[in-house]
Amino acid sequence: MTPLAIREQAACNPWLPTPATVRGIYPETPGVQTYELQLDDPQVAARFHFQPGQFNMLYLPGIGEAAISISSAPSQAGTLAHTVRVAGNVTQALSRLRVGQRVGVRGPYGTGWPMDACRGRDVVLAAGGIGLAPLRPVIYHILHNRSDFGRVILLYGSRTPGDLLYTNEYPAWREEGIEVETTVDIGDDQWQGNIGVVPVLFYRLRLNAARTTLLTCGPEIMIRFVIFEALARRVRKDAIFLSMERNMQCAVGLCGHCQLGSYFVCKDGPVFSYRAVEPYLLVEDL
Amino acid sequence: MVSREILDGLRFFQGLPAEYVEQLAGIAEERNVEAGSMLFREGETASHVHIVCTGKVSLQIRVPGRGPIELQTIGPGELLGWSALLNNGPMTAAARAATDCRLISLNAVQLLALCEHEPRLGMEVMRRLASSLSQRLRYTRLHLLDVYRHEFPPSAAGGGQS
Amino acid sequence: MNSMGLPTGCYVRIDKPDLQGLLDELRRLGYRVLGPRLSQGAIQLADLESIQQMPIGWVDEQQPGRYRLRQQGSNYFDYVVGPGSLKRFLFPPQVEVLQSLSLHGSFQFTAPKPPPQPLAVIGVRACDLAAVRILDRVLLEGPASDADYRARRQSLFVLAVNCARPAATCFCASMNSGPAVTEGADLALFELPTHFVLEVGSERGGEVLSAIKWRPCSTREVAEAQQVPRQAEKRLSRALPSRERVRDLLRADLEHEHYDEIAQRCLACSNCTMSCPTCFCSSIHDTSDLSGEMCTRERLWASCFTDDHSYMNSGTVRKSIRARYRQWLTHKLSSWIDQFGTSGCVGCGRCITWCPVGIDLTAEVAALGGTNS
């Protein structure tokens with residue numbers, strides 16, 4: 001099939017994936033690995049551009065698809081990183097892949113983090129657990145354009161020290177002027193760092209609230225409490241952005257599963273401004 | 001006795017009339033504590049209320065058979081040792097400086113006397129204390145919820161959670 | 001352009017038996033012809049070869065949770081809508097959307113070919129046409145479109161029928177979707193006691209019609225025909241308030257205590273979503289052959305009333321029936337408007353008739369704060 005035909009077909013048929021090869025597999029923490037995928041078709045690869053915060057649907061024929069955030073730098077050529085936590089059938093199957101094997105890729109989908117809205121401002125990234133993965137491209141974007149941003153602070157929490165993601169990158173991030181504060185729920189014998197929840201890290205910050213933009217991703221309850229702290233400190237509602245999660249199957253607003261009120265999380269999100277979703281967050285079981 | 005400027009920089013004292021801050025500064029002490037040293041131990045009678053300026057303090061409880069378990073880290077702007085103000089009973093947790101710390105400490109007896117003498121100041125202090133406790137409780141609850149639980153397959157999660 | 005075809009907008013009159021000629025012409029043109037047939041105690045769309053297979057002389061009685069048929073008179077189209085709709089054929093309950101072949105260590109992905117035979121449907125009502133227009137917006141006009149739906153939709157031929165009477169559960173007029181057929185039909189039929197009047201709705205309709213015996217209509221005959229749906233409209237007994245009013249009242253209180261009351265009755269059986277001509281939720285199902293080399297993805301009908309509809313690894317979002325009913329109702333009548341610019345409801349009444357416990361959304365909306373006149 002010629003590339004043009006593929007493109008046309010994709011425009012007509014949103015279910016059509018493109019094959020990609022696993023070029024690297026990096027164990028991160030127990031149950032979590034990062035896959036570097038290279039799109040096989042060079043023309044498709046050349047046209048693939050994504051915003052920090054967007055996701056791909058990774059497809060294993062016969063098993064299914066999983067929505068996985070892209071966790072590499074948008075400026076990185078060649079491969080796309082996906083940090084995957086084993087959760088269900090598809091991610092289990094993904095975790096058994098070896099370098100050189102293939103997956104199907106559909107994407108990129110969804111709204112990205114508002115990098116333009118962060119320019120010239122102080123940026124707080126508040127993440128929990130696997131929620132750091134969709135924020136890592138933001139960090140890379142900031143590192144690439146450091147002078148476009150003011151103070152940049154990463155607040156990150158996980159269950160145990162062994163579950164903190166990307167710890168080997170923190171020194172490099174700190175060197176570029178990103179403040180990194182971590183916390184865990186349960187320490188271990190070696191842990192000398194903070195014990196407690198991510199919102200407390202926010203509480204402790206000295207902030208210029210009017211100049212601050214908050215980007216947050218993690219368990220929904222953690223997000224809510226982080227936002228609670230941010231609002232208490234007078235960070236503006238339209239300067240708060242969160243990444244929501246819902247059951248996603250088609251990723252293009254056709255299957256109906258991912259609805260949150262009037263929004264389809266797959267296409268109107270997953271990144272939302274707080275102002276947009278505030279009324280929905282307050283309703284139970286919506 | 002500490003300078004008013006130091007207290008002005010702490011959230012606990014924000015919004016207090018200058019006169020009250022002066023009075024509190026008059027009974028406050030600045031303390032520098034080395035990493036590793038104990039601020040107070042379990043079972044001790046509390047004598048001071050502390051506010052952390054810089055550094056981190058680790059709250060611990062000794063569980064028979066398990067040793068001291070670190071529960072929470074207390075950081076800048078947060079309170080420690082409030083039981084001194086409430087019932088003068090023994091501390092139910094120990095506090096160990098996790099890093100070098102600078103604290104503002106207020107002697108409980110003096111603080112209570114001040115509160116009795118100036119009821120309005122007393123109300124402000126108690127209100128701030130309640131707010132601090134409320135925040136602590138909120139985040140202790142969030143901590144208890146074990147929010148990353150679903151990120152672990154049943155075999156890896158402790159406590160038999162699925 | 002076929003100069004033989006009757007012009008769009010013109011009205012002709014045919015004898016009732018000559019409807020068979022239309023059916024034959026459609027089959028001659030290669031259409032698979034569907035029409036109303038009596039099956040399993042209900043009037044459902046099925047393959048039609050002869051007009052004698054149609055439920056001539058049958059009338060339906062519909063109430064909340066009740067559907068009965070009885071014989072009365074000898075008209076061809078005195079019943080209204082049955083449990084099924086065009087949705088079953090344009091958006092089938094089970095359809096393949098992707099094939100994957102393992103090949104040389106990689107995959108070859110192909111989209112299945114659309115069904116070769118175009119559909120012609122006889123007996124479509126105005127509400128169901130309105131539903132198709134709504135589905136067009138959802139499935140064709142977003143950032144992505146459903147290729148299978150598009151293929152089936154493009155080749156669809158509709159011979160619509162103007163309803164002569166409503167069922168008790170119908171409320172099309174208040175949804176601006178009937179009883180008169182206004183757009184979307186290739187041919188629109190009016191049944192009079194002695195003959196049919198057909199209005200040409202498209203070039204294709206005009207061509208098909210020109211193949212059978214017809215007489216031009218007098219002005220009086222046209223007026224007589226147009227009265228048919230107007231008389232039906234007068235007999236409607238249910239209504240919903242205006243689209244904006246319903247949207248606003250549902251938005252205003254998502255925690256209204258009346259949802260608890262509904263939850264006591266609703267069984268989450270999903271009959272409403274299956275019979276609804278606009279519900280479009282679907283799920284993807286993956287299968288493979290024995291060797292694992294040939295895999296397919298199927299799109300299946302889904303319903304927001306099921307346990308797994310909102311399931312995520314971190315838990316199910318809508319665990320209670322209360323939450324699910326609220327989702328269905330508020331999506332259909334409120335969020336749909338934000339999403340697609342129209343209401344999701346066409347007032348066909350199927351959800352009322354086919355609900356085993358007779359939940360009537362016009363009554364529920366009234367209880368939630370809007371009152372019907």
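1. In chain A, strand β1 (residues 18-29) and strand β2 (residues 32-39) run antiparallel to each other, joined by 8 bridges. Within this pair, Gly24(A) is bridged to Glu36(A) of β2(A). For the terms: strands pair if DSSP finds at least two bridges between them. Strands (E, at least two residues) and helices (H or I, at least four) are DSSP runs, numbered from the N terminus.

2. A word on provenance before going further: this is a predicted model, in which local features need pLDDT of at least 70 and side-chain atom pairs count only at pLDDT 80 or more, while totals for chains, interfaces and linings use all residues. Residues are numbered from 1 along each chain as its sequence is written, and chains are lettered from A, with ligands numbered from 1, in the order in which they are written.

3. What is the strand order in the open sheet of chain A? Its 6 strands are arranged as β4-β3-β6-β1-β2-β5, with antiparallel pairing. At the edges sit β4 (64-69) and β5 (80-85) of chain A, each pairing on one side only. On average, neighbouring strands of this sheet are turned by 40 degrees against each other, direction ignored; the axes are lines fitted to C-alpha atoms.

4. Now the contact between chains A and C. Here 35 residues of chain A are in contact with 41 residues of chain C, contact meaning that the C-beta atoms, placed from the backbone, lie within 7 Å. On the chain A side, α1 (3-12) and β6 (102-109) each supply at least two residues. That side holds 15 nonpolar, 14 polar and 6 charged residues. In this scheme, Ala, Val, Leu, Ile, Met, Phe, Trp, Tyr, Cys and Pro are nonpolar, Asp, Glu, Lys and Arg are charged, and the others, Gly among them, are polar.

5. Chain A also touches chain B, through 24 residues of chain A and 21 residues of chain B. Two or more residues each come from β10 (194-195), α7 (198-203) and α8 (220-232) of chain A. By class, the chain A side divides into 12 nonpolar, 8 polar and 4 charged residues.

6. Finally, chain B itself: it has 5 helices and 8 strands, following the pattern α-α-β-β-β-β-β-β-α-β-β-α-α along the sequence. Its C-alpha atoms fill a box of roughly 60 × 30 × 30 Å along the principal axes. Of the contacts in chain B between residues at least 6 apart in sequence, 72% join residues at least 24 apart.

Note on methods
Contact = placed C-beta atoms within 7 Å. Axes fitted to C-alpha atoms, helices over the stretch in contact; angles between N-to-C directions.
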